[in-house]
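The stops below go from a helix pair to the sheets and then to the cores.

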Amino acid sequence: MNLCIDIGNSRSKLAVFSEEGELLQLVTRERFSQKKLDKVLKKYPIRQAILSSVRRRNSRIERQLSGQLLHFVRLNWELGLPIENSYATPETLGNDRIAAVVAAHSLFPDSNVLVIDAGTCITYDFITEGGNYLGGSILAGIEMRFAALEHFTAKLPLVQRIDLDQEIGNTTLSSIQTGVQSGVVYEMQGFIAQYQKEYPELRVLITGGDADFFEKRLSSQLFKVPNLVLMGLNQILNYHVQQHTAD
């Protein structure tokens, strides 16, 4: 069995995959839990693991996993991938972005795919039908936009997201909500339309914490795939183990 650990900006995830690629257990926490990791390792016959983190390295966890398991991989820009990476500065590329496109290409190997990860940031990443990752775009996510309006102005309040039934805000609060929430939807429609001009048979996948928000409004234009990043980490781990075994 495989263990995939994704330590992100706002939450950490531990996922256990079977040899067939089935997700057996998913644990999500705001902060990484050493106690929960120990419980997962005791519960399942984990043989190999991959760790992806945007935070400072945790040497204790890495020593534990590398010492306890048959194979341990820490995802970084120098690690071999089952796709071609044409990003000009791979050392600056987020692990979540590359993992997501690896999974997307595995799901649709004969298609051009645009991957949208809607979380703290909203990222757009494009991989060709031939498995060549070209890059994409990074934008502020919904909550970050709300926070920025409050932080960089003297009088605008910090507001919360709501289900809108109007396009015109008639109070300051509703004006911010319609501006941010409708704005990100129109923005996403524009990105998708631009990619579709060049790649008419494009598949569009969305994942991340705000995927439900966008799927509800753009269901005809995209397909939601939960845990896409974890799926990609699992595939990168299997690829690395296969390469190591072949050597």
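Which residues in α1 meet which residues in α2? Select Q34, L37, D38 and L41 in α1, then R60, I61, Q64, L65 and Q68 in α2: these meet, where contact means heavy atoms within 4.5 Å. Helices (H or I, at least four residues) and strands (E, at least two) are DSSP runs, numbered from the N terminus.

This is a predicted model, in which local features need pLDDT of at least 70 and side-chain atom pairs count only at pLDDT 80 or more, while totals for chains, interfaces and linings use all residues. Residues are numbered from 1 along each chain as its sequence is written, and side-chain values use heavy atoms, with hydrogens and water left out.

**Helix pair.** Axes are lines fitted to C-alpha atoms, for helices over the stretch in contact, and angles run from 0 to 180 degrees between N-to-C directions.

**Five-stranded sheet.** Next, select the open sheet with the order β3-β2-β1-β4-β5 and mixed pairing; two strands pair if DSSP finds at least two bridges between them. At its edges are β3 (23-29) and β5 (71-74), each pairing on one side only. The average twist is 10 degrees from one strand to the next. β2 and β3 are paired in the antiparallel sense over six bridges; pick F17 and find L23 of β3 opposite. α2 packs on this sheet, touching β1 (2-7), β4 (48-53) and β5, and its direction makes about 150 degrees with that of β5.

**Six-stranded sheet.** Move to the open sheet ordered β6-β9-β8-β7-β10-β11, where pairing is again mixed. Its edge strands are β6 (84-85) and β11 (223-224). β10 (residues 203-207) pairs with β11 in the parallel sense over two bridges, and L205 stands opposite F223 in β11.

**Cores.** Finally, select I50, I83, I98, L233 and I236, the residues with the most contacts inside the largest nonpolar core, which has 31 residues. Such a core is a set of buried (under 20% relative accessible area, 1.4 Å probe, protein chains only) Ala, Val, Leu, Ile, Met, Phe, Trp, Tyr and Cys residues joined through side-chain atoms within 4.5 Å. Apart from it lies another core, of 26 residues, including I142, F146, Y195 and Y199.

How values were computed
Buried means under 20% relative accessible area, exposed over 50%, partly exposed in between (1.4 Å probe, protein chains only).
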